[in-house]
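Biologist: I'd like to learn how to read a protein model. Could you walk me through one?

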Amino acid sequence: CDIATSPASSEAPIMKPPHKDAVGRALSILVKSLNEENGSDYVFQKVPANLVPLQSLPDNVAALRLAKTVMDKELDAIISYMQRRRNTASPIERLPPEILLAILDSLLPSISSAELLHLTTVSTLWYDTMVHSPQLWTVLKSPLSPQIAGLFVKRSGSLPLSLDWNDNDFDVPDQREEMKRVLEIPIQNSSRLKSISASIFESEPTVLQLVESPMPQLETLRVVNLVESSLRRPSKSFRLADGPSLLEFGLDGPYLSSWKSPRLLGLTSLSIVRPGVAPSVEELLHILQCSPQLESLYLSAWNNWSPDVPDTPFASPDIPVHLPRLKSIHISDIEPPHFQGILSLLYAPASQSVHIESWYATEDDTSLEVLFFPGDDQLASLLGLINWSSSSSDEPTPILVKVEWDRFEIKREEGDKELKILIYTSSRIAYQAVDLLGRFFQNQSHDRTEVKLELDCVGYRWMDIELDILPWSRCLVSLSVEGKAGCRAVVDQLGKQSQHPTSDGRTRWTTRWMARSRLGSQLKT
């Protein structure tokens, strides 16, 4: 909050000390009072001081020091009174308490617990407003001492508490014991905890002990392991204590002993990164199926350490995971069975931000058909072809498809929304994407889907592969091809006609919508 000040008050006047004569008169009065109170016979003559009789001066130094203490105290009181008067007249002091409280509340995410406590010293109004506003004291944010933590808990009354914790705030060995004493306070008040966000070292189990405590009001739990390496088996695990369903759950590194906790059902946000043991495909899909309110899904960097969960292909139960509110999806570097299960079953018609990037290759040459097939509503929802309306129903839906020997990418951008699916695979699977995706777009009900197709067919891997672009005829508006193998197949098909599956029986040119093509290879005739 910026409060303007007048030009007259923006520059402090230059102050001058009192005149020596005035100081001399004040000291004469002071010495006279000392003589009367202590039975002494000092005689003050001038400034600087010249007190007589000198022979008795050492015996009465204590009296002079006492006088100095009294004067300092009185002057401090005068200064304090003047500052209070000045603060009372300032614009910030005239703010209504509810406005001041709103300003302080907006500061909470950006200041530490110690800084919040320091703000109570600004003025009496600030102190009274803050101390009698328990909502300001509900967040325990490290670093803080056991005394400050206890004060926050006391001032918060009976309101739910939040813990914002980082073990790095106690990186000095001598502070480790203090850290444990601080954490004892939220452990003792675990029944009031509503939110926990903790960055920890696995060698410090105190936070995990807190997580395992009964927390019936807990709605948000985010735990991050500060050890960066993902190539390690976690040394410690934790379990979720029984209680109502969480709303937000985030795990980055630590080892959750069981993914079957009822608290993981009914989430609005789920983030799993570098899990010590990843949930099985069935466990993950069960969590998603039981969380229809889910709005954000983030899965990344999975390494399955469990010897009891073999890396076997996922057998689809043919039950779509319908998440009507899911808007943000990030999936990268997860195991192929999980990737296949999610991509083949996840139905998210409200998706607005999609980033899917993973390795996908199995021994089965037809495995890609599980992910992309004609009439695939799951893929259509991820690409925003079901419930992502443009500014006008007649506006085209632009989609870019790139295929290379070891990857293929599907991308759509519109304003601040981006949908992207990037899959790394083998050449014998990548070329299948050309045919499968063509048939997928051929069967879309959206007649104005406009696809720009880029094929990189350079190299020997494509020599014996026959590309088929006929299924793309309904939606292809731009075609770019690199490599002899691809160019020969495309040139051969550009002049052909194809039967549209929903037409009235008339043949259509393969490229009836295409406005641009580029062949990036010289063909010998």
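Predicted model: local features only at pLDDT ≥ 70, side-chain atom pairs only at ≥ 80, totals over all residues.

Biologist: How many helices and strands does the chain have?
Modeller: Helices (H or I, at least four residues) and strands (E, at least two) are DSSP runs, numbered from the N terminus. Here the chain has 14 helices and 23 strands.

Biologist: And what share of the residues is buried?
Modeller: Buried means under 20% relative accessible area, exposed over 50%, and partly exposed in between (1.4 Å probe, protein chains only). Of the 525 residues in this chain, 43% count as buried.

Biologist: How do I read two packed helices?
Modeller: Two packed helices are described by the angle between their axes and the distance between the axes. Axes are lines fitted to C-alpha atoms, for helices over the stretch in contact, and angles run from 0 to 180 degrees between N-to-C directions. Take H4 (residues 97–107) and H6 (residues 124–131): their axes are 10 Å apart, at an angle of about 75°. That makes H4 roughly perpendicular to H6, a label for 65 to 115 degrees; under 35 is roughly parallel, over 145 roughly antiparallel and the rest oblique.

Biologist: Which residues of H4 and H6 meet?
Modeller: Contact means heavy atoms within 4.5 Å. Pro97, Leu100 and Leu104 of H4 meet Leu125, Trp126, Thr129 and Met130 of H6. Sorted by class, this contact has 6 nonpolar residues, 1 polar and no charged. Nonpolar covers Ala, Val, Leu, Ile, Met, Phe, Trp, Tyr, Cys and Pro; charged covers Asp, Glu, Lys and Arg; the others, Gly among them, are polar.

Biologist: Which residues of H10 are buried?
Modeller: Val281, Glu283, Leu284, Leu285, Ile287 and Leu288. What covers them includes H11 and the strands E10 (269–273), E11 (296–300) and E12 (321–322).

Biologist: Now single residues. Is tryptophan 137 buried or exposed?
Modeller: Tryptophan 137 counts as buried because its relative accessibility is 0%. You'll find it in the loop between H6 and strand E3 (139–141). Leaving aside neighbours within four places in sequence, its contacts include Leu116, Met130 and Phe152. Phe152 is also one of the buried residues of H7 (residues 146–155).

Biologist: What about alanine 301: where is it found?
Modeller: In the loop between E11 and E12. Alanine 301 is partly exposed, with a relative accessible area of 25%.

Biologist: Last one: which residues touch the most other members of the largest nonpolar core?
Modeller: A nonpolar core is a set of buried Ala, Val, Leu, Ile, Met, Phe, Trp, Tyr and Cys residues joined through side-chain atoms within 4.5 Å. Of the 108 residues in the largest one, Phe249, Phe441 and Trp472 touch the most other members. Its largest share, 6 residues, comes from helix H13 (residues 427–442).

How values were computed: Residues numbered from 1 in each chain as written. Heavy atoms only, no water.
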